[in-house]
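Try each task before you read its solution.

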Amino acid sequence: MTRLVIVESPTKAKTIRGFLPAGYQVLASMGHVRDLPESASEIPAAHKGKAWARLGVDVDNNFAPLYVVSSRKRKVVQAIKEALKDAEELILATDEDREGESIGWHLLEVLKPKVPVRRMVFHEITKEAIQEALRNPRQVDQQLVRAQETRRILDRLVGYTVSPLLWKKIAPGLSAGRVQSVAVRLLVRREEERRLFRSGTYWDLRATLILPEAPKLPFEALLQSVGELRVATGKDFDDRTGQLVKGKKVLLLDEKAAKALAARLIKGAWRVADLNERQQRQSPPPPFTTSTLQQEANRKLRLSSKQTMQIAQKLYEEGFITYMRTDSVHLSSEAISAARRAISARYGDQFLSAKARQYTTKSKNAQEAHEAIRPAGTQMRTADQLGLSGTQAALYTLIWTRTIASQMADAQITTLTANLQVEDARFQANGRRIDFPGFLRAYVEGSDDPEAALQDRETLLPPLKVGDGLTCRQLEPLKHETQPPPRYTEAAVVQTLEREGIGRPSTYASIISTIQERGYVIKQANQLVPTFTAYSVNRLLEAHFPDLVDTQFTARMEQTLDDIAEGSAEWLPYLKTFYCGDNGLETQVERKTQSIDPREIYAVSLETIKARVRIGKYGAYIEQITEAEPLRASLPPNLPPSELDEAAALRLLQQKANGGNVIGHHPQTGEPILLLEGRYGQYVQLGEGDNGAKPKRASLLKGMTADQVTLEVALGLLSLPRTLGKHPQTGEPITAAVGRFGAYVRHGDEFRSLTASDDVLTISLERALELLSQPKGAGRARKKAAPVRELGAHPDDKTPVALMDGPYGFYIKHGKVNAKLPPDVKPETLTLAQALKLLVEKGKASSGKTRSKATGKARPKAAPKQPKKPSKPKKSKGAA
């Protein structure tokens, strides 16, 4: 007989298997084995036709959920049931958060085991942690399960009740969500601030000065005031008007006044009026939580929240980091000791904090697991020592450095403010000196290179004293324009959701992913831009269901769910209050279905031209009310709402009314060639199309603007695909065209992409033959990286050892072996002897990969595989 251990994934199963003694079998449930029905096809026959079946929750029967095992999980469940027949004990080893507890409970409900059941929990997959969990099992926490079930039911009630209303009043396929709608509102409000923003202009002066005693250390100072008036800055302007806020007593300089002031002051006598020196201590940030890891990975590594969690999940399941869904910043005493040993060895004892640091969680409703995200085990091994590469290495290194930094000494910084006087004007120069880098030696938030960041953080001033005379080398008038508030990045959204107590660390990635998949948000240069669809949905919800998009209401809902998990609140009365009765969600939706006029639901209103942006079957369009029929024009799908001003709207409407801008006429047919703009961007069109025939159209090439489209260019676009000639060997035609992945040439079934220097409109037959003669992918082949410096020949095989510079920093290359350069070794002073030592260490680390990934100790042998039982006759499909 065996002991059957169930985890969520095959990777986790494989890692845990190596830490268990003989007699244990580990299987993966592949996540949840059952859930509420996703579609009508999953509803059991016994419940089909019932009014509540599609909702999946029997509201009248105390909100009893209808759980089903989906078709893709039936084989998994059957395999676990078969294994359970030969087991003397069932051990549920799913994750330690609410979701993991829920998965374990669902397994119990489906398997109905007749053997003893234990629940083991751990926050890292190491031999020590697994053995400790085996020694201290517990039962499934029913309060956690109930809290998770209540959360799931709430999400279903909101989504399946409100979404059909959106389909009727706006457009099919839209959705509302308990947390996603709040996130969308954040983005829409910020975009609306940008749309209504009006820029203001102001000028000031920047002086470049030297102290005669230190002529090689020039420094800069900015104008602060003239006479008794402070010079205007961006904070003095009204965002809605672009003018100074009424009542502001400041000096607003224009270009003429700034230049005149500069001409007067540069001739004056400059001196140091007063100095203010201040010592500061900067403490390291705490270790990562789920939220802060997602934020920093987005800033430093440009990873989305979803990508971050996928990589972190893999690192956890392979035993490299602790559990990645947590809002705790606590570190175990073993982890602190390991971090402090690593600091002492790598940086020296002077970089250790005076005593071990412990951090307390400050986020609202912190509740997930009980330790921060850190390297697993007690060795604090680096990514190189673990043999990691690519994004796994990058994210692991981020976690490693943050954990290490949390136990390092404070940075000691001196700031110096120098106020300078010249005639009636006052300037200010600011200096910053790092006296002791402390934790900044290892980790700087938002920077991938702590050494470079340290240099950037220092602004040195010469040794100034009050009364010192200065020489002004240059006095430059500077123009400034106020800027709209920045759009949210994924990092900023996660930070805001956490600060407001909305959602939970485990949900942030799925929230951001969902609002992009549903078409509410597009991503442009790491910024999240809401679409006009998001505007329309948010307008309806704000007007008719304000609680659903209110941050405080949603935060209170999260608190209630936490209270349910702790046993201090009852789940059923809460669900009844939320959904039932005269003020419940169900009744509200029924009323609004009758009262909401779809014509009053629009995304944006442009009052001065009497136009509104609406959402139709094929996307967003602008509609202008005229005396005759309303005039409508499609909007490009990637147009940010803040960039649709009245001028752009009028241009689109007039183009639609006039049938487009006529570029010229076709030289053979005499038909007009029009430049038009549709929902997928600008394109050219030949004629208007007769007798219902669709006119020939061609999109503008990537990067091409409307002012570049001459008649010749338009004719070339309309000629695509164009025949260049015949292949000299086969006689088949060779054509040039533009496809989904860009411009290309074609000969039969052979395709070759054009390079950046080729033009699809002018490429010759000779050039096409040259491209077709190259092997596939030759144009995309990566160039071999050139070494930064050759260090010499390796003594064993006489092949070169080189210093290289890669995306994750400097490294040493010898054949196929790469060894990362440690932070304490400078690339400019690296010797061949040092490089050879690092290569030897890398070889040792690589040869030890068969050992435990977290502890380095040899793993116990896995239990021998049990011989397969003779296969049983297959049951009919109708069998249970």
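**Exercise 1. How many salt bridges does a search of the whole structure find?**
Start with the rule: a salt bridge is a side-chain nitrogen of Lys or Arg within 4 Å of a carboxyl oxygen of Asp or Glu. The search finds 48 salt bridges. This is a predicted model: local features need pLDDT of at least 70, side-chain atom pairs count only at pLDDT 80 or more, and totals for chains, interfaces and linings use all residues. Residues are numbered from 1 along each chain as its sequence is written, and side-chain values use heavy atoms, with hydrogens and water left out.

**Exercise 2. Which residue forms a salt bridge with Arg118?**
The partner is Glu89, with the closest N and O atoms 2.6 Å apart. Arg118 lies in strand β6 (residues 117-119) and Glu89 in strand β5 (residues 87-92), 29 residues apart. Strands are DSSP runs (E, at least two residues), numbered from the N terminus.

**Exercise 3. Lys465 and Asp468: is each buried or exposed?**
Recall the cut-offs: buried means under 20% relative accessible area, exposed over 50%, partly exposed in between (1.4 Å probe, protein chains only). Lys465 has 52%, so it is exposed. Asp468 has 12%, so it is buried. The two form a salt bridge, with the closest N and O atoms 3.9 Å apart.

**Exercise 4. How many disulfides does a search of the whole structure find?**
Look for cysteine sulfur atoms within 2.5 Å of each other. The search finds zero disulfides. Now check two cysteines. Cys472 is buried at 14%. Cys580 is partly exposed at 28%.

Definitions and conventions: Helices (H or I, at least four residues) and strands (E, at least two) are DSSP runs, numbered from the N terminus.
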